[in-house]
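Subject: Structure handover

Hi,

Here is the structure for you to look at. My notes follow below it.

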Amino acid sequence: MQFIATPGGDEVAVMDTREVLVIEGALSLYVVKHPDSNVAIEALRDVSRLNEAREARMEDAAESTSV
């Protein structure tokens, strides 16, 4: 299990990488259906930003091991 810290100081528990994508997809769908939900929009921004940061770290790790 991984704990991802959000910029607001909260944490999101994630079992594996696929769950990050599921969470991001679920939040995206919720925001589409409830565009006035500021909490959902902020959560989606946080999860998306954290997912992008995770992907960048994975790419950096892959590049450093392949050199």
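The side chains of Arg45 and Glu42 form a salt bridge, with N and O 2.6 Å apart. A salt bridge here is a side-chain nitrogen of Lys or Arg within 4 Å of a carboxyl oxygen of Asp or Glu. Both residues sit in helix H2, three residues apart, about one turn of the helix. Arg45 is partly exposed, at 47% relative accessible area. Glu42 is partly exposed too, at 40%. Buried means under 20% relative accessible area, exposed means over 50%, and partly exposed lies in between (1.4 Å probe, protein chains only).

Before you go further: this is a predicted model, where local features need pLDDT of at least 70, side-chain atom pairs count only at pLDDT 80 or more, and totals for chains, interfaces and linings use all residues. Residues are numbered from 1 along each chain as its sequence is written, and side-chain values use heavy atoms, with hydrogens and water left out.

Salt bridges

How many salt bridges does a search of the whole structure find? Two. The other pair is Asp46 and Arg49, whose closest N and O atoms are 2.6 Å apart. This pair also lies in helix H2, three residues apart, about one turn of the helix. Asp46 counts as buried, at 16% relative accessibility. Arg49 is partly exposed, at 43%. As a general point, side chains of opposite charge can pair when their charged atoms come close.

Layout

The protein chain has two helices and two strands. Along the sequence the pattern is β-β-α-α. These elements are DSSP runs, numbered from the N terminus: helices are H or I with at least four residues, strands are E with at least two. The chain has 67 residues, and 24% of them count as buried. Its accessible surface is about 5,000 Å², with 58% belonging to carbon and sulfur atoms. Those areas come from the Shrake-Rupley method with a 1.4 Å probe; for residues, only the protein chains shown count as cover. Take the contacts with a separation of 6 or more: residues 24 or more positions apart account for 30% of them. Contact means heavy atoms within 4.5 Å.

Core

Which residues make up the largest nonpolar core? There are five: Leu27, Val31, Ala40, Leu44 and Val47. Helix H1 (17–33) and helix H2 (38–66) are the elements that give two or more residues to this core. H2 supplies the largest share, three residues. A nonpolar core is a set of buried Ala, Val, Leu, Ile, Met, Phe, Trp, Tyr and Cys residues joined through side-chain atoms within 4.5 Å. Ala40 touches Leu27, Tyr30 and Val31, leaving out residues up to four places away in sequence. In soluble globular proteins, nonpolar side chains tend to be buried together.

Glu24

Glu24 is in helix H1. Buried or exposed? Glu24 counts as buried, at 19% relative accessibility. Its side chain makes a polar contact of 2.8 Å with the side chain of Ser48. A polar contact is a pair of N or O atoms within 3.5 Å; within protein, one must be able to donate a hydrogen and the other to accept it, and residues adjacent in sequence count only if both atoms are side-chain atoms. Glu24 touches Leu44, Val47, Ser48 and Asn51, again leaving out residues up to four places away in sequence. Leu44 and Val47 also belong to the core.

Ile4 lies in strand S1 (residues 2–5). At 18% relative accessibility, Ile4 counts as buried. Leu50 is in helix H2 and counts as buried, at 19%. Leu50 touches Ile4, Ala5 and Thr6, not counting residues up to four places away in sequence. Leu50 and Val20 are 30 residues apart along the chain, and their C-alpha atoms are separated by 9.1 Å.

Confidence

The mean pLDDT of the protein chain is 80, and 90% of its residues reach 70 or more. pLDDT is the predictor's confidence in each residue, from 0 to 100. Confidence is lowest in strand S2 (residues 11–14), at a mean of 69, and highest in H1, at 84. Where pLDDT is low, the predicted coordinates should not be read in detail.

Best wishes
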